[in-house]
Every structure is written in C-alpha cells, then in structure tokens.
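Here's a quick tour of a structure, starting with its pocket and moving on to a helix and the core. Have a look at the sequence and the fold first.

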Amino acid sequence: MPEKGADAGSADAVDLEHLVSALGTRSIVLVGIMGCGKSTVGKRLASRLGLEFVDADSEIERAANMTVSEIFAEHGEPYFRSGEERVIARLLQEGPQVLATGGGAFMSETTRDEINANGLSIWLKVDFETVMARVRRRSTRPLLRNPDPEGTMRKLMADREPVYAKAKLTVTSKDVPHEAVVDEIVLTLADHLFGPGQSNVS
Ligand code: S3P
C-alpha cells in the first residue's frame, strides 16, 4: 500500500506491490555506462521492491571462476562478450528481479532482444564528470586500464549512448543520494506501467 499522506507524484505514493505484480515475470534491467550506478542503485531498488538483486558481471565471474579483468586478460573481450550474452539470457529466465548488466552488454542486439522479451530496460543516464569521478576510485575495469581513461570514456559514451537510448525507460542519475535515484526509478516505472499520474491506483 502507498504510505498514508504521501503526495501524489511522490515515490511514497506508489503502490509497490501493485508495481511488482504488473511486472509479471519481467525483470527490471539496468543498463548504462560503467560507473552510472547500476549495481549500487540496483541493490537499493531491489530492496525497496522486495525483489532479488542480481549483478550480471558477478554471475559471469562466478560461472568462470575468474574476475572480469582475468577473463579479459586471459581470453580477450570477444570471449567475455559471448559469456555475457549467455549469462544474461539465463538470468532473464529467473524474473522478476532487478538485474544490473555490465556497461557493454546492451550493445549486443541479441541481448537487447532478450531483454525486450523478458525484461523492462532502464538506462541510468549520467554525465561524463560524474562517471569519471566514480570510476577513478576503482581500478577494476579493464577497458579503462590504459594511458587515457578519460578519452576512452568519452569515446565509449559517444558510441554507446545512442544504443542505451533504445532502452524502454531512461532515468537521469545525477550525483545525488542513491535513494533519490531509486525514487525517480519507482516513479518512472509507475508512469510506464500504470499510465502518467496513476501511480497509486491499485
Ligand atoms: C564493461 C563494463 C563492466 C564490465 C566489463 C566491460 C563495458 O561493467 O562488464 O569491464 O564494456 O563497459 P560495469 O558497467 O558494471 O562496470
């Protein structure tokens, strides 16, 4: 049930049980560039909705018993990408859940089709500065381990954003508390599933 006294148009007014049942077996699939918050926001979104959170990269690492960096270094990117397609297709059979995908996953047409058939995709759109500030803190991303991570990121964003834009829904993830991004996602989902302004109709 929505919270008593919550403003219509605020995330607290959304009937979360109704929202989850409207998903059916579809998963909420978060897509977007490295550092856009797919995992951190995804975990919080899953807990808000009472759904399981699954991180595709972690599942790939578990299946391969290697880290993503090790897979890139030992087998190369094409090998990683084909494993990524298989793992995401399998995970999509286990919905509803919140599924965070790696930043390159949505570039695959096969994966986009799988997500369209079995999920609801949300692009977490962030600006360059926010994303760079986040990814600089961690060195676990093989694509950015080169002399010009900023140039690489600019190029990746330019190449990929038109494809991320094919996601069903877009939420702009600014440098605000994660719970605020979760609120925005909940409202965006409610608008999509129930119609604009119908967030608390059950
Ligand atoms: C990649 C993003 C990473 C990971 C791999 C490749 C990419 O995931 O899948 O390093 O191509 O953008 P995150 O987006 O979770 O960092």
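The lining of the largest pocket draws at least two residues from each of helix 2, strand 2, helix 3, helix 4 and helix 5. Keep in mind that this is a predicted model. The elements that supply the lining run as follows:

| Element | Residues |
|---|---|
| Helix 2 | 38-49 |
| Strand 2 | 53-55 |
| Helix 3 | 56-64 |
| Helix 4 | 68-75 |

In total, 36 residues line the largest pocket, and S39, D57, R138, T140 and R141 sit nearest its centre. The space inside comes to about 850 Å³.

Now for helix 6, which spans residues 109-118 and has T111, R112 and I115 as its buried residues. They end up on the same side of helix 6 because they cover an arc of only 100° around the axis.

Last stop, the core. The largest nonpolar core has 60 residues, and I28, I33, M153 and I185 touch the most other members. Helix 9 (residues 178-194) provides the largest share of this core, 8 residues. Leaving out residues up to four places away in sequence, I33 touches K38, V126, V131, M153, L156, M157, R160 and Y164.

Notes: Residues numbered from 1 in each chain as written. Predicted model: local features only at pLDDT ≥ 70, side-chain atom pairs only at ≥ 80, totals over all residues. Heavy atoms only, no water. Core = buried A, V, L, I, M, F, W, Y, C linked by side-chain atoms within 4.5 Å. Buried < 20%, exposed > 50% of the residue type's maximum accessible area, 1.4 Å probe, protein only. Helix = DSSP H or I, 4+ residues; strand = E, 2+ residues; numbered from the N terminus. Contact = heavy atoms within 4.5 Å. Arc of directions from axis to C-beta. 1 Å grid on protein atoms, 1.4 Å probe; cavity = no way out; pocket = protein on both sides within 12 Å on 5 of 7 lines; lining within 4 Å. Points joined across faces, edges and corners; volume = space filled by probe spheres on them.
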